[in-house]
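Me: I would like to go through this structure term by term. Please set each value against its definition before concluding anything.

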Amino acid sequence: MASNRESYVNYNKKKRKRKKILTFILVPLLVIVASGIGYGAFLYTKAKSVADDSYQPIDRDSSLRSSAVDPDIDDISILFIGVDDSEKRSSSSGTTRSRSDALMLATLNEKEKSVKLLSIPRDSYVYIPERGYSDKITHAHYFGGVTSTIETVENLLDVPVDYYVKMNFDAFMDVVNALDGIEVDVPVTFTEQNSKDQKGSNAIHLEEGLQTLNGEQALALARTRKIDNDIERGKRQQLIMKAVMNKAVSAQAITKYSKLMEAVGDNMTTDLSFSNIQSLLAYATAENGLQVESLTLQGSDGKVDGKYIYQLDQTALEETKAILQEHLGISDELSDTNSTDTDTTTDTTGTTDTSSENTTDSSTGTTDSTGTTTTDSTYSESTGTTN
């Protein structure tokens, strides 16, 4: 623990600060709120309409919070949930339920105006309270939607989830297209089925190298994992996220904000109100620029009942929990609670329910899992086992 802490402190001294950056889901709304008059006033009105239409609160109170939080004055957390609601994936399972194919928890420290962004691999083998046994975390959404996903993440990390933002992959493609594409240094040559799961002549083929990608191409890069594994796919997703954010806050994107909001609004649900989103503007306009730091989870490939899983390293997980709790300013509160409540201990030895394995697990996953903090992930080839 001590050596990891020392490495963490040393790395902080070297990290680069990113200015006016927040995850692309909120960038359009934040920029619009910051707009002035004229065209900005029109966009402000549109942004409020988009936010109001996307507002879907859920009826739950976190057991890890003694009272409601206020983004204006409190440290908060936001869970970003990416899902694939494609017609084929719904019909193949005989249900409209979908898995979560991307999970990222952001903790926001109000005083520092800093964000820690933790990516949770979709195949992480964790306890799902909704079901009462351990399974891949992607199945939490399949069985219980946003509420089940939030409860599972809270149980895994011992931190409260104050808000959620859920988007599907149509929004991902629409956002990239609204920006007239994003520039990405594609790390590897590959071929991947398109957004409609079509192969052959309809498949997406990309060559290694720096290039501008449209929505279909960016999604193919984000979702492909047959060439390596879930961890490397996460690194590719980080590349895409950075490219989207850089393009969204660039000067040439200003005239595209109307289309950008439409892309987000049509495919997003959240329990962040418009006033909540306005509060987040302070992070994007901080004097020293918003500090975004990526956290990762250490683990290893494994199998349960013949199915691929990502087995989390429990020692590294505890260290990650401590970092998140400290960033939210709740370390002391939770240490008292955890000493008397053993039911919140993460269970990684339960029995997997394979009934949800009838649908195809080929959509995008989450970011890398190395157990240390980093602000710039470096892509590297590896050979993992997936299923």
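Reply: Buried means under 20% relative accessible area, exposed means over 50%, and partly exposed lies in between, with a 1.4 Å probe and protein chains only. This is a predicted model, in which local features need pLDDT of at least 70, side-chain atom pairs count only at pLDDT 80 or more, and totals for chains, interfaces and linings use all residues. Residues are numbered from 1 along each chain as its sequence is written, and side-chain values use heavy atoms, with hydrogens and water left out.

Me: Why does F274 count as buried?

Reply: F274 has a relative accessibility of 6%. The limit for buried is under 20%, so F274 counts as buried. F274 is in helix α10, residues 274-279. Helices here are DSSP runs of H or I with at least four residues, strands are runs of E with at least two, and both are numbered from the N terminus. The C-alpha atoms of F274 and A51 are separated by 5.6 Å, although the two are 223 residues apart along the chain.

Me: What makes T269 buried, and which residues does T269 touch?

Reply: The relative accessible area of T269 is 18%, so T269 is buried. T269 is found in strand β11, residues 268-270. Leaving out residues up to four places away in sequence, T269 touches S54, Q56, Y164, V165 and K166, where contact means heavy atoms within 4.5 Å.

Me: Why is Q237 called buried?

Reply: Q237 has a relative accessible area of 11%, and is therefore buried. The residue lies in helix α8, residues 230-248. From Q237 to T224 the C-alpha distance is 10.0 Å, and the two are 13 residues apart in sequence.

Me: How do you know how α6 and α9 are oriented to each other?

Reply: Two packed helices are described by the angle between their axes and the distance between the axes. The axes of α6 (residues 169-178) and α9 (residues 257-265) come within 8 Å and cross at roughly 175°. Axes are lines fitted to C-alpha atoms, for helices over the stretch in contact, and angles run from 0 to 180 degrees between N-to-C directions. Under 35 degrees counts as roughly parallel, over 145 as roughly antiparallel, 65 to 115 as roughly perpendicular, and the rest as oblique. Therefore α6 and α9 are roughly antiparallel. Where they meet, A171, D174, V175 and A178 of α6 face K259, L260, A263 and V264 of α9 in contact.

Me: Why is the pair of Y142 and F143 given the class it has?

Reply: Rings of Phe, Tyr and Trp (its six-membered ring) pair if their centres lie within 6.5 Å; planes under 30 degrees apart are stacked, over 60 edge-to-face, and the rest tilted. The count by this rule is one aromatic pair. The ring centres of Y142 and F143 are 5.3 Å apart and the planes are at 90°, so the pair is edge-to-face. Both Y142 and F143 are buried.
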